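Here's a quick briefing to read alongside the model. Have the sequence and the 3D view open as you go.

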Amino acid sequence: MNTPRHPDLTPDCASCAALCCVVFAFDQSESFGIDKAAGEVCPNLDSCGRCSIFDDRSRLGFSGCISYDCHGAGQRVTQEVFHGHTWRDDPGLTERMGEALSVLRQIHEKLLLLAAAEKLPLGIGERQALVELQMQLAPQSDWTESRLKAFPLVEISRKVSDFLTGLRRHFER
């Protein structure tokens with residue numbers, strides 16, 4: 001049986017292109033101090049790609065920025081999928097990078113759930129099913145834009161959900 005690849009699911013903002021500060025829309029609310037459209041650069045993002053209000057985000061009404069976690073998808077989209085090219089170099093990449101981030105973040109969320117399930121005393125069949133799902137979500141070869149577009153996210157999400165639901169017996173008393 002092949003061993004699944006375990007990508008780093010920890011965000012590394014220094015290796016990202018501040019995708020979360022650009023691709024997502026947010027509405028002024030208790031989580032965000034302003035309205036921002038998808039694809040619009042957050043006005044708090046400085047010319048070096050850093051948050052100019054980082055230390056004051058909570059006080060200034062940006063708790064949504066504090067709670068957001070890309071689970072490492074941002075740096076993978078920037079470095080692996082787009083080979084270090086960013087929306088700053090080519091504004092035409094903004095939407096494409098956002099689409100890739102949306103898919104890869106969901107893939108990383110599923111991998112986090114499966115990593116938690118990995119710690120359970122799984123039977124042989126359950127362990128094999130877990131590894132098969134992990135290998136689909138983290139293939140040995142790097143992600144590309146076309147592979148992410150073609151990835152059957154809905155189908156795999158259903159399989160992960162069904163698998164996790166099948167583990168209920170580990171939590172029943």
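How much space lies in the largest pocket? About 840 Å³, where a volume is the space filled by probe spheres set on grid points joined across faces, edges and corners. This is a predicted model, so local features need pLDDT of at least 70 and side-chain atom pairs count only at 80 or more, while totals for chains, interfaces and linings use all residues. Residues are numbered from 1 along each chain as its sequence is written, and side-chain values use heavy atoms, leaving out hydrogens and water.

**The largest pocket**

- A pocket here is an open set of points on a 1 Å grid over the protein atoms alone, where a 1.4 Å probe fits, with protein on both sides within 12 Å along at least five of seven lines.
- H2 gives the most, with four residues.

**Helices H3 and H4**

- H3 (residues 93-118) and H4 (residues 124-137) pack at about 155 degrees, axes 10 Å apart; axes are lines fitted to C-alpha atoms over the stretch in contact, and angles run from 0 to 180 degrees between N-to-C directions.
- H3 and H4 are therefore roughly antiparallel (over 145 degrees).
- In H3, Ile107, Lys110, Leu111, Leu114, Ala117 and Glu118 meet Arg127, Leu130, Leu133, Gln134 and Leu137 of H4, contact meaning heavy atoms within 4.5 Å.

How values were computed. Helices (H or I, at least four residues) and strands (E, at least two) are DSSP runs, numbered from the N terminus. Angles under 35 degrees count as roughly parallel, over 145 as roughly antiparallel, 65 to 115 as roughly perpendicular and the rest as oblique. On a 1 Å grid over the protein atoms alone, a cavity is a set of points where a 1.4 Å probe fits but cannot get out, and a pocket is an open set with protein on both sides within 12 Å along at least five of seven lines; lining residues have an atom within 4 Å of a point.
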